[in-house]
Amino acid sequence: MHLTTNALVLREVNYKESDKILTLLTEKEGKLTVSAHGCRKKGSPIAAACQLLAWGEFTLYEFNGLWSVKETASERLFDGIRGDLEKIALASYIVEVTEALAEEGQPDPGLLAVTLNCLHALDKLGRPLPQVKTAFEWRSMALAGYEPQIERCGVCGRPEPMEPHIHLGEGMVHCGPCRGKLGEGVSMPLTTAALAALRHITWGPRKRLLSFRLDGDGLRRLSQASEAYLMTRLERGFRTLDFYKRLSPEG
């Protein structure tokens with residue numbers, strides 16, 4: 001069986017002397033684990049596309065239930081990310097989260113699109129890295145079914161919560177004075193502008209995902225909350241996030 005599809009390389013692991021095992025997020029078949037035989041040999045025609053963050057067309061063949069790379073045509077390598085250590089650290093975190101959220105063999109066009117949008121932003125748009133990070137975290141959580149309740153205070157129903165906070169365990173926004181009516185767990189402060197940005201990220205058009213502005217304190221709070229919310233929902237940490245935070249001023 002042969003399959004030709006566009007795909008993004010989410011992970012690469014060296015294997016044997018000249019091979020790699022790749023995790024791809026494909027347009028047609030969702031997440032796939034494939035082998036790339038000989039891609040580490042000098043002059044290999046598939047080498048360029050068989051590296052982390054590469055986007056391109058892959059022709060795969062299946063034998064005994066295992067996929068292998070037959071041909072590739074790299075379309076975008078995000079070179080503007082590769083020359084910047086902080087950017088590549090954040091991009092590595094983004095694709096590690098994407099790998100965690102994607103299901104093997106299940107197409108997920110929304111997750112693929114938001115991942116590519118955020119990589120494009122790191123590569124070309126010059127947006128603040130915390131803005132790209134928090135936009136990716138909140139939107140990917142919503143796509144995965146973990147969208148928080150942000151329409152109004154989850155306790156009193158106020159449309160615009162006073163002193164807005166987000167309760168990580170309950171997954172809801174609430175007024176600061178309503179905190180005592182919620183159960184145990186962490187509740188993180190936002191600002192009014194940060195809540196407006198969160199609504200834009202969650203509900204707005206995908207192509208305008210990053211078209212919001214926040215001051216330093218609002219962006220810091222929103223980014224800290226999105227990171228904590230993601231790790232609370234997925235019940236795990238990410239080594240790439242730890243590395244990014246060691247490099248980043250916000251870390």
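Tutor: Fine. Keep in mind that this is a predicted model. E96 sits in helix 2, which covers residues 85-101.

Student: Is E96 buried or exposed?

Tutor: E96 counts as buried because its relative accessibility is 14%, and the cut-off for buried is under 20%.

Student: What is E96 in contact with, leaving aside neighbours within four places in sequence?

Tutor: E96 is in contact with R236, F238, R239 and T240.

Student: On to the rings. How many aromatic pairs are there?

Tutor: The count is two aromatic pairs. In one of them, the ring centres of Y93 and F238 are 5.8 Å apart with the planes at 75°, so this pair is edge-to-face.

Student: Where do Y93 and F238 sit in the chain?

Tutor: Y93 is in helix 2, while F238 is in the loop between helix 6 (216-234) and helix 7 (239-247). The pair links distant parts of the chain, 145 residues apart.

Student: Buried or exposed, for Y93 and F238?

Tutor: Y93 is buried at a relative accessible area of 1%, and F238 is buried with a value of 1%.

Student: And what about W138 and Y229?

Tutor: W138 and Y229 form a tilted pair, 5.3 Å centre to centre with 35° between the planes. W138 belongs to helix 4 (residues 129-143) and Y229 to helix 6, so this pair ties together parts 91 residues apart in sequence.

Methods:
Residues are numbered from 1 along each chain as its sequence is written. This is a predicted model: local features need pLDDT of at least 70, side-chain atom pairs count only at pLDDT 80 or more; totals for chains, interfaces and linings use all residues. Side-chain values use heavy atoms; hydrogens and water are left out. Helices (H or I, at least four residues) and strands (E, at least two) are DSSP runs, numbered from the N terminus. Buried means under 20% relative accessible area, exposed over 50%, partly exposed in between (1.4 Å probe, protein chains only). Contact means heavy atoms within 4.5 Å. Rings of Phe, Tyr and Trp (its six-membered ring) pair if their centres lie within 6.5 Å; planes under 30 degrees apart count as stacked, over 60 as edge-to-face and the rest as tilted.
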